[in-house]
Amino acid sequence: MNNNKNILIIGGGPAGLEAAIQLQKLNYNIILIEKSDHLGGHLAEWDRLFPDGVKTKEILDKLVNNLVGVKYFLNTEIDSINLLNGSYNAILSNGITILAKAVLIASGFDLFKAERKQEYGYGVYNHVISNADLESYFKDGKDQRVVKNPRRVGFVHCVGSRDEKVGNIHCSKVCCVTAVKQACEIKEKFPDAEVFCFYIDLRMFGRGYEDLYLKAQQKYGIRFIRGRVSEVAENIKNELIIKAEDTLSGKPIQVTLDLLVLMSGMMNSKSGLELGEMLSLNKKEDGFFECKSSIYSQQFSNKKGIFYAGTCTGPKTLPDTFHEARSAAMEINTYMNESNKE
Amino acid sequence: MTNFGFKLVTSSRVNLDKFDKEKFDKLLKIEPDIRICMACGACTATCSAGKFTETSLRKAILLLQNGDEKGAVNKLIGCMLCGKCTIVCPRSINTRNLINNILKIYSK
Amino acid sequence: MEKLYDKLKSDSRLGDGLKSCINCGICTAICPAAEFYDYDPRVIMDKVQSKDDNVIKELLKGEKIWYCGQCMSCKTRCPRGNAPGVVIQVLRKISIEEGYFVESEKGRQQYAINKMMYHNLTNYGYSIYPRTFKYSMHPECGPVWEWIENNLEDVYARNGANLDGEGPGGLRKIPKESMDEFRKIFDATGATKELNHITKCSMEVAKKMGLNEEEYFNMVFNETEKDHLNH
Amino acid sequence: MIYEGKKKIWSDYQKDIPDDHFFYVRSCIRQSFFPASEQKFLEICNQRLDKDFFETEKHTSCGGIAFHSDAIPIETSLVIYGRQFSLMNEFGYKNFVCSCITSFGLYCEALEMWREHPDLEAKTREILWDTCKREFTKPEFLVHTSDIIFKYRKQIAALAKYKLINSKTGKPLKVVEHIGCHYNKIFPSKSVGGAEYPYVLAGMIESWGGEIIDYPERRHCCGFGFRQYLVKANRGYSLSNTHKKFESMEPYHPDFIIANCPGCTYFMDRWQYVISEMEHKAYGEYGYGIPVLTYEEVAGLVMGYNPWDLGLQMHQVNCEPLLDKMGIKYEPKEKYRGLNNKNIGKPALSPYLK
C-alpha cells in the first residue's frame, strides 16, 4: 500500500505543529489541517507566557521554522471521515481526499465565552474584558476598553470553570497562573494601579509558578482575595463595582474598578466536538475527549489509529502540550510500524 | 418624628475604595513582608494567645487590608509576643516585629 | 437519639440545596442579610456540611439562622448549584421541631409570626388581610394607611376590590366550603400541629419570664434585647 | 453600557407565554395595598384586549408568605398549590397566571420538587384527595401577571393615549425597574430576560416610550425578608435594604419606579416615607419622593385611565408630579374620594415627604 506513510493531523496549534515536526523527522507523510487562517492556535493570539514571560512569538517562530516540508492546509476542516480498509478516508472542506493510516487529533480548546457569565457583564459593561482580550491589548495596545492609567484593576479567576451553572465543573488549570502573570504585567504597565485577584484556590502547581505568585505579592503588591466575585455593576461614571466575600476574614466586600479581567477557562473546542461526533469518540463529563487511560495511555482514543495530543483531552499548559505532542509522535510511530507488519 | 420601633442602618459591606493607602504605605516601609502573607493560618494555629482570645495575625492582616483598622488591632492586642508564629511562618515573615509595628501604627 | 444531621438530611430540600460546598463565598458576597446582620451563609453551609451535631445544635439554638431574608439571591449564584436559602428553611424547621427556636431572640419571634399568619390564613384565606393589618402595628404604612384603615369599605369599594363580598374579586369572602377545604389541609399537613407546638414551647418560656400570652406576643413582636443589625 | 450586549442576552430568555385563556389567582399583598391594579389587570385583558382571564372565588392565598416566614411546612404549601391547580382543572383551564411573585416562585419550585421527588408529588396528591376529594393536573403554562402585560405591551402601546415621555421636554422618562427576587433569581430560565438583565419590565417601558436606568444596586432585594418585615422588631433590616437601593439610584434622578412584585412595590413606597421621617430626606425632585408603580398602573396611565381609578391614591408617595410630567389631566379634588365622589376625608400630610 502506498498510503501507509500518511498521517493526518487535525489542528495547527502547538500540539499539532510539534507532532508534525516530530513525525516529519521520522519520514512520514504529514497532512496537517487548520480551520483558521493561521498556524499557532491560541498561542498566536497570546503575548507572553508564564512563568518567565517568554514571548509567544519566539516559540511560534521556532515551530513554524521547524515545520519545513510538512504539507498543511489553512481554512480547512474535515467534511467527512470514515474507516476504509484499516485507514481513515477523510474528505476535506477544500475538496481534497486523504487516506491516512493514523489520525492525530490536536483540535485544542475553545476559550469559555465570558459573556455567558452574564452577571460579570462582559459585552454589557464597558470596561470588562477577558484574559484573551488583555493579551491582545498587551500585543497591540488597541483595546479601547482598557483605560489609560487605571486606578484599580481586578481579575476574576474561574470564569466558566468550576461552575455547575455553565456546565463546567472542571478546573481549567492554567488560569490561576495566567492571572498572576497578567496581574504582574498590568503593574509593569501601570505601576500606580491597585490590582486585585479574586480566586477560590490558587493552583500554583508548576515549576516557577509559586515564585511568580510570591513576586506578584512582594514586588507588585497585588492583593489576592479569596472569594468568588458574585456580580459586577456599572456606576454613573461608567466605573465597575464588583462584589465578593473575603472568605478568609468572612466579610462581604466591594471595590470600584476601572478595568475587570475575566479569566475565561477552557472547553473542548466546538470543531473538535464535531469531529468527535463523526468518529464516535468517547467524551468525559467535562466535555473533553476520554483517553484510553488517564494515567498511562493518554495519547490513545477509543478508536484504533486515532490519537490525541494537547488540550482536546483537558486543560493543559504549553509544556504539557509539547510533551504530549512528542509522546503522540512516538506512539503513532510504533503504531505505524506495527500495522505495516500486519 | 413617628416612633417606628426600628431603625435605619447603612450596609456594613467593606468598601475597598476607602482603604487608607497612605497609612498602609507607612507600615509597608518598615514591614514590606506583610505583602507576602498567603493567609495559610500557621501563625494562628500555633498562637498561644489565640487559644484564649480572638488573637489571629492572619485575620489582622486581612482586616487591615480591608480597612478595618480597629478590628485588626483587636485581633492583635491579646498577643503575648511569644514568637511561636515566627518559627512556623512558611514565608519567614518576622511576625513578631510585624505585630509590634502594626500596633504601633494603628492602635489608638 | 437520632442525629440532628440525619434529621436535616431527611428533608429532601437539604440534598437539593447543599451538595458539596467549596466555600467560595459567592453567596455571602450577594446576601442582603450579610450586609446588615452578623451573618455569613457560607459559614452556615460549612457548619452543616461538617455533619457535627454539636456544631449544628449550636446553629439551631442560635440567632443566625433567623437572619436570612429568603430572597434566594444565593441560589442564582452558587457555582455548585446550591441554595443556602433553602438550607436555611430546613434548619429553621428542625429548630422549631426540636424546640430550640425559643433559645434565641429571633427564633422566639416565631410565636408572633405563626399567630398572625395562622389566624389570617385559616380565618380569611389570606396571609395579609386589611382588617387585621393595624396601623398601630405598622406605623411605617404612613398616614395614607391610617386613612385607609379608617375608611376601609369606602376605599376598597372605590379601588375595585370586593371586600368581604360574595363572588370573585379582591378581598372577597372566600366561600365556606373552600375555607373548610383550606383548613383541612392545614390540619392534615402539620401546620396546625406546628402552631400548637410553637405555642406550647413559647408559653413555657413566657411562664418562666413571668409573662402572659399577650405580653409575650408583644415582647417578641416589638423588641429585641440585643441590637442585631450591624453598624 | 452596551445596549446591544443586553439585547443579545434578552434573546436567550424567550419565555413561552400563551396568548389567551388563563386561570387567574390573586396576591394577598396586592389585594390589600393595590386592589385597583388587580382589577385593572382583568379589565385591560378581558375588556380592552378581549382575552379570557378567569377567576373563581374559591381560590385562596398560596400561603407563600407564611411558608417563607417558617409558619407553615412545605407539605402544607404543596397541597395548597395542588388545590389551586385542581380549581384550574375544574373550570377547564390549562394556563395558570398568578398576580404574586412569591407565589410564582413557589409554584415553579413545587413543579420542580415534584419532578425531582415523585414521592413528594404522590404524597401531595394523597393528602389533597383525603382532605378535599380533589385531583389535579399540572398547568401547561405557568406565568406571572407581569409576563402577560409584557406579552401585550405592544397592543397596549397601540391603545396608548400618553407616552412615558416628559411632555415639557420631549425626553423619555427615566425609569427604574425593580424585579421581585422570586420572579427570576430562583429559576432565571422561567423569566423574561433572565436574572441579570431582566426584560419583563424593561420591555414594557421601552414599548411605552420610557428609558430604563441601570444603577449599581439594581439587582439588590427590596429587603422585605418575610419575617424581617412581619415582626416589627426586625423591620430595620427591610428598611435599610431599600435605603441602600435608593441611595444607589439617586444620582440617576429617576422619574418613577416600576416593580413587578407586590411586596417590593409596597415597601419601596412606604420606606421612602419612613426614611423621610427618620432622615428628613426625600428622594426625587422637590421633595416629592419617587413614585413606585405596579405595571398595571403604568399601563393604565399610558392607556389614559383616571389615576384615581388606578388606585394611585393608595400609595404614600404622591404621583402628581409624574402625572404632570406625562401631561395627564386629573382632578386633584377627587383623589381621596369614595364611590360617587363621597367625601371620606384625606390622609394626614407627611411632614417631610410632600
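**Figure 1. Burial and overall dimensions of chain D.** In this predicted model, buried residues account for 62% of the 354 residues of chain D. The chain contains 16 helices and 8 strands. Its radius of gyration is 20 Å, close to the 20 Å that the globule rule gives for 354 residues, so chain D is as compact as a globular protein of that length.

**Figure 1. Burial and overall dimensions of chain D.** In this predicted model, buried residues account for 62% of the 354 residues of chain D. The chain contains 16 helices and 8 strands. The radius of gyration of chain D is 20 Å, close to the 20 Å that the globule rule gives for 354 residues, so chain D is as compact as a globular protein of that length.

Figure 2. The domain assignment divides chain D into domain 1 (16–145) and domain 2 (151–341). The C-alpha centres of these two domains lie 25 Å apart. Their contact involves 26 residues from domain 1 of chain D and 29 residues from domain 2 of chain D. On the side of domain 1 that touches domain 2, at least two residues are supplied by each of α2 (28–33), α3 (35–48), α4 (64–68) and α6 (101–116) of chain D. The largest share of this side, 7 residues, comes from α3(D). Sorted by class, the side of domain 1 of chain D that touches domain 2 has 14 nonpolar, 7 polar and 5 charged residues.

**Figure 3. An open parallel sheet in chain A.** Five strands of chain A, in the order β5-β2-β1-β9-β20, form an open sheet with parallel pairing. Strands β5 (71–73) and β20 (306–308) of chain A stand at the edges, and each has a single partner strand, so one side of each is left without a neighbour in the sheet. From one strand to the next, the twist averages 20°. Strand β9 (residues 102–105) of chain A is joined to β20(A) by 3 bridges, and the two strands run parallel. Within this pair, Val103(A) has Ile306(A) in β20(A) as its bridge partner.

**Figure 4. Two helices packed on the sheet of chain A.** Helix α1 (residues 14–25) of chain A packs on the sheet and touches β1 (6–10), β2 (29–33) and β9 of chain A. The direction of α1(A) makes about 170° with that of β2(A). Helix α7 (residues 318–341) of chain A also packs on the sheet, where it touches β1, β9 and β20 of chain A. The direction of α7(A) makes about 165° with that of β9(A).

**Figure 5. The contact between chain B and chain A.** This contact takes 13 residues from chain B and 14 residues from chain A. On the side of chain B that touches chain A, the elements giving two or more residues are β1 (14–15) and α3 (57–65) of chain B. The largest share, 4 residues, comes from α3(B). By class, this side of chain B has 6 nonpolar, 3 polar and 4 charged residues. Strand β17 (residues 251–257) of chain A pairs with β1(B) in the parallel sense over 2 bridges. The bridge partner of Ile253(A) in β1(B) is Val14(B).

**Figure 6. The contact between chain C and chain D.** Here 71 residues of chain C are in contact with 74 residues of chain D. Helix α10 (residues 110–124) of chain C gives the largest share of the side of chain C that touches chain D, 8 residues. By class, this side of chain C has 37 nonpolar, 21 polar and 13 charged residues.

Notes:
Residues are numbered from 1 along each chain as its sequence is written. Chains are lettered from A and ligands numbered from 1 in the order in which they are written. This is a predicted model: local features need pLDDT of at least 70, side-chain atom pairs count only at pLDDT 80 or more; totals for chains, interfaces and linings use all residues. Two strands pair if DSSP finds at least two bridges between them. Axes are lines fitted to C-alpha atoms, for helices over the stretch in contact, and angles run from 0 to 180 degrees between N-to-C directions. Two residues are in contact if their C-beta atoms, placed from the backbone, lie within 7 Å. The radius of gyration is taken over C-alpha atoms; the globule rule is 2.2 Å times the number of residues to the power 0.38. A residue is buried if 20 or more other C-beta atoms lie within 10 Å of its own, exposed if 12 or fewer, and partly exposed in between; C-beta atoms are placed from the backbone. Domain bounds come from an automatic or database domain assignment. Ala, Val, Leu, Ile, Met, Phe, Trp, Tyr, Cys and Pro count as nonpolar, Asp, Glu, Lys and Arg as charged, and the others, Gly among them, as polar.
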